[in-house]
Amino acid sequence: MLHGAVGFHIRRRSKMEKVPVSMHKDAKFESVRLYLVERKMGSSRRAFLTQLARSKGFIVEDILSDVVTHIVSEDCQASSLWTWLEGHGVKTLPMMQVLDITWFTDSMKQGKPVAVEPRHLIQGSLPMLPDATTSTPVAKVSQYACQRRTTTANSNKIFTDAFEVLAESYEFNEMEGQSLAFRRAASVLRSLPSKIQSLRDAESLPFLGKHSIAVIEEILQCGFSMEVQKILSNERFKTLKLFMSVFGVGLKTAEKWYRKGLLSFSDILAAPGIHLNRMQQNGFLHYGDISRAVSKAEAQALGNIIDETVHAITSDALLTLTGGFRRGKDFGHDVDFIVTTPEMGKEEHLLTAVIESLKHQGLILYCDYRASTFDMSRLPNHKFDAMDHFAKCFLILRLDGSRVEGGLCGAEGDGRGWRAVRVDLVSPPMKQYAFTLLGWTGSKQFERDLRRFAQKERHMLLDNHALYDKTKRELLAATTEQDIFAHLGLQYIEPCQRNA
Ligand code: CTP
Ligand code: MN
Ligand code: MN
């Protein structure tokens, strides 16, 4: 089975929860504490639903307090609901899931708390912006993306697009500090439930400094930022962006080509003395296909193909969709999978067997295999670099349109009937599965902030392999992502809320 949908795992009780277990003798899902909002629901229906949930082993709190994790409401008027919730002065409100009744009914049907999906969320129910017209203390937006819930619905795209251009431009000029500042500011804005309407909305947010506020001001006034427009029409910026859009071309190579005076792909291909490595050759060869976004249906089709391949090799294999598609994105630049087996030490062999089989099926257009350099005895690795040490491969696969529900995305014209797609496979030992899943699900900004939070707030080191407690000097084991969040003393954030 392809573990594409996010299953619910029972989370370990966080040390911070104070309510005694004995109060909930029949509770099956201790980490989930519901609160049903009576407004619009009515008291008799609330009593009925409370009983129903309790009979199925759910904990339902009668009063709204810090221990509540899931608020369920039938009131779809988000703004009045929010005002009402805020009036209770519960400090942990920004960390609670505020959900539509459909999440509750889905959970009752399945007899367990279902994973939160975007359709369950009450729009605008995330931490609110400071409101100058009321004197109620407003929920503060955390400086850590792993303490914010960020769905794919970005109400501030006009600002975040501008910030991303600035971040990239600083990166191209090797000003990493400024680049990171704009990436963080963009990430904060992405988590907001509504569009910023005035400067006052933005001023008290973390990471929104003078420069980013000035950009917001300009956009609010004239719909665009002069500085961003200038960057977008800058020859060096445009050329580096173009070159880096080729698979296998990073900033260094792009800069080298630009310095030689090359401005287009035809310049590169015609220039004497330019050596393209195998990755770049394939990047150019399949440029049209792999520069086009991969759709959800195409990702699903690839999942099915790899799933069949994996299970023809061994029946106990585990294949999990990860990366952007696990976060609920509709399009991605590639498709990421974790493939492993409970048989210790066999995972690397499984990956090479998968590659062999894909080759036999004629599906591999390009394969860059990286053998494992993972060594448990060397953990914790204090370098905690971006790249993990598990066996992995970066692939370009051939995807036939006949395998895709609704056909290939936007390629009807050329009549080829197939397209090339970038696919990443990573193969960790089962013991490291939860860390790999958390690390590869992303987003990059979410991962960065998980690590920063672990280090700064918990004196712990987190990477794709392990979590190390520097105070206790020990590695903390985890079999699920929920375990890792619990070790970090963080509320669990669903994959669809990690689009930071
Ligand atoms: N990642 C990683 N080690 C790698 C490659 C990727 O830990 N060698 C992680 C990245 O940090 C990221 C996730 O895997 O969090 C997915 O990477 P990527 O495919 O680049 O990004 P997506 O979030 O999936 O975005 P897209 O939809 O554009 O592919
Ligand atoms: Mn991806
Ligand atoms: Mn990837």
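Is Asp334 buried or exposed? Asp334 counts as buried, because its relative accessibility is 6% (buried means under 20% relative accessible area, exposed over 50%, partly exposed in between, with a 1.4 Å probe and protein chains only).

## Basis

This is a predicted model, in which local features need pLDDT of at least 70 and side-chain atom pairs count only at pLDDT 80 or more, while totals for chains, interfaces and linings use all residues. Residues are numbered from 1 along each chain as written, chains are lettered from A and ligands numbered from 1 in the order written, and side-chain values use heavy atoms, without hydrogens and water.

## Manganese sites

The manganese ion (ligand 2) has Asp334 (OD) and Asp336 (OD) as protein donors, 2.1 Å from it. Donors are N, O and S atoms within 2.8 Å of the metal (3.2 Å for Na, K and Ca); water is not among the atoms, so sites may look incomplete.

Asp336 in strand β9 (residues 335-340) and Asp424 in strand β12 (residues 418-427) are 88 residues apart and link distant parts of the chain; strands (E, at least two residues) and helices (H or I, at least four) are DSSP runs, numbered from the N terminus. The two manganese ions, ligand 3 and ligand 2, are 3.6 Å apart, and Asp334 coordinates both.

Asp334 is in the loop between β8 (331-332) and β9. Beyond four places in sequence, Asp334 touches Val294, Phe325, Arg422 and Asp424 (contact means heavy atoms within 4.5 Å). Asp336 is buried at 8% relative accessibility, and Asp424 at 7% relative accessible area.
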